[in-house]
Amino acid sequence: KVYIEIGLKTWNNLILFSVKNSFDKEERSNSGFDKNSGFGVDNVKKRLELLYQGTHELNIEKTTDLFSVKLNIEL
């Protein structure tokens, strides 16, 4: 079973956004996902740097069965 958890909060002058999703290791290895991924993350990092230079923090973590993204943006 897989799940997705999405969170969005505002706190003081910050927008706090988080996404976590699990994935089936066997299905992922058979799908070719790793061969075709990575461009989207690089594009997001570039856009954040252009739009929110010095006012954002992006953390991406990947484990064997969980992908987690946390984004904080100062308003």
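Modeller: Let us take the nonpolar surface patch of about 440 Å², which is made by Ile-4, Ile-6, Leu-8 and Phe-17. Please keep in mind throughout that this is a predicted model. Strand E1, covering residues 4-11, gives the most to the nonpolar patch, with 3 residues. Ile-6 is found in strand E1, and Ile-6 counts as exposed because its relative accessibility is 62%, where exposed means over 50%.

For a contrast, we can turn to Ser-22, which is found in strand E2, residues 14-22. Ser-22 counts as buried, because its relative accessibility is 12% and the cut-off for buried is under 20%. Leaving aside its neighbours within four places in sequence, Ser-22 is in contact with Lys-1, Val-2, Tyr-3, Asp-65 and Leu-66. As for Tyr-3, its backbone nitrogen lies 2.8 Å from a polar atom of the side chain of Ser-22.

Stepping back to the chain as a whole, there are 2 helices and 4 strands, and from the N terminus on the elements run β-β-α-α-β-β. Buried residues make up 13% of the 75 residues, while the chain exposes about 6400 Å², of which carbon and sulfur atoms supply 53%. Among the contacts in the chain with a separation of 6 or more, 41% are accounted for by residues 24 or more positions apart.

Technical notes
Residues numbered from 1 in each chain as written. Predicted model: local features only at pLDDT ≥ 70, side-chain atom pairs only at ≥ 80, totals over all residues. Heavy atoms only, no water. Buried < 20%, exposed > 50% of the residue type's maximum accessible area, 1.4 Å probe, protein only. Contact = heavy atoms within 4.5 Å. Areas by Shrake-Rupley, 256 points an atom, 1.4 Å probe, with all protein chains shown as cover. Patch = residues over 30% accessible without salt bridge, like charges linked within 9 Å, V, L, I, M, F, W, Y side chains within 5 Å. Salt bridge = Lys/Arg side-chain N within 4 Å of Asp/Glu carboxyl O. Polar contact = N/O pair within 3.5 Å; in protein donor to acceptor, adjacent residues only side chain to side chain.
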